[in-house]
Amino acid sequence: MSSVSGNSSAASLPHELVSNTSFLNLKLYVIIALVSISLLLIFLLTCLCIRINRAKKNRTKPLVKQNSGLIPFVSKQIMEIKALDRMGAAVIVDVEIEDGVKKMKKSGESEDDASCSASGGSSDASTGVDVQQNIGWGRWYSLKELEIATRGFNEENVIGEGGYGVVYRGVLEDGSVVAVKNLLNNKGQAEKEFRVEVEAIGKVRHKNLVRLLGYCAEGARRMLVYEYVDNGNLEQWLHGDVGPVSPLTWDIRLKIAIGTAKGLAYLHEGLEPKVVHRDVKSSNILLDKKWNPKVSDFGLAKLLGSDSSYVTTRVMGTFGYVSPDYASTGMLNEGSDVYSFGVLLMEMITGRSPIDYSRPAEEMNLVEWFKGMLASRRAEELLDPLIEVQPSARALKRTMLVCLRCIDLDGNKRPKMGQIIHMLEADDFPFRAELRSAKDRDHPSSEAPASNKVPRPIKHAWGSVAETSNR
């Protein structure tokens, strides 16, 4: 019955459609049907591909117009770290957003365990609002704008270079001079340092901290734009070829030390969460024409909540400046910066690098040599010979004592940065020998024989120092 029906349907078609063709001996109407179905499938696949491409463009679209200017969607990943362990344990959680999904990373994990995507977020209006709230402090610079400012990232404009990338001097269209840090894209490290620096000092304003003005994130490129500090860094002035007399007088060195301490004190005690710099060293202390210091390079910084005494992290920093307790345990807190500051202060006093392999074995390590010299009562030999006018004995002793307190092997006994500022500024801080002689003057009737009342300032002052150095 079905064959009769099929024959009748075929008979109703025109003769050309039911006739066999040379293509696989198929009938013409069968070939037409196959071609039609193929065209329909191709059309549907094309529509699907167009829709997918549009979705990708919306997801990776680099810019969105806001009232405050152009802001990248990538800034959605830059979040303030606020989540702290309620049980009091030292845990910091980094919140990252990748393709709309939140990722949590505990501070005990390796910094390579959590990835930072080059771009992310969505194209809806709410994303733009969140971006403006997170990065409301700075300006978004286009790659083209920074290329023009640095003359195509010309080598002649390089003012700094290191493992993090290259820093260029740039002049913007309005004539303002800036420093542009072009981060090296080494296995995602550029993305990490980009995020960390923005989190750490994006909204910070302090005269002794380099100000972060804005940023650029296009494709895989990550750049940070800072205020330009026009007198190099401390390392260049301490260890460069400055002639037989250093322009860094004792008073200037003390000014730099106090200003650096104030910048670090603000990070440790004036912010919530507090910021641990983790890479305090002479090359990261920038100087202006009036020798005012500005702490820079927050690529290794960590945030630490007030409820936590430390954060466990991978040991990073610069050899010679890293505190032994942090190096051995990985437990980081503001005491680690205090130790590094103590080494920096020694460097300013002596004019020597923290590690110098060109010197005899017993002098290679600045900290050990410094402590040994003090224990041997040879403090005056520690002073940088390039300092033309020497400080008073009292000022030198006070500063050296601050050094020893900062590098105490027991991190709990190190002073806070605020206390260090007071110690460095306290010009009228009396030593025991001076107190004793003042007491003798106030009570002349109780004077001892002349042979017993001769003041011994070096012995009394450095006796306590020797005890500290051997502790």
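Predicted model: local features only at pLDDT ≥ 70, side-chain atom pairs only at ≥ 80, totals over all residues.
I started with Asp279, which is buried at a relative accessible area of 9% (buried is under 20%, exposed over 50%, partly exposed in between; 1.4 Å probe, protein chains only). I then looked at Lys281, also buried, at 17%. The side chains of Asp279 and Lys281 meet in a salt bridge, 3.8 Å from N to O (a side-chain nitrogen of Lys or Arg within 4 Å of a carboxyl oxygen of Asp or Glu).

I number residues from 1 along each chain as its sequence is written, and side-chain values use heavy atoms, with hydrogens and water left out.

I got 14 salt bridges by that rule. I checked Lys274 with Glu334 next: their closest N and O atoms are 3.2 Å apart. This pair links distant parts of the chain, 60 residues apart, with Lys274 in strand S11 (residues 274-276) and Glu334 in helix H10 (helices, H or I, of at least four residues and strands, E, of at least two are DSSP runs, numbered from the N terminus). Lys274 is buried at 13%, and Glu334 is buried at 11%. I also found Lys274, Glu334 and Lys416 joined into one network by salt bridges that share partners.

Last, I looked up Glu145 and Arg139, a salt bridge with the closest N and O atoms 2.4 Å apart. Here Glu145 is buried at 17%, whereas Arg139 is partly exposed at 38%.
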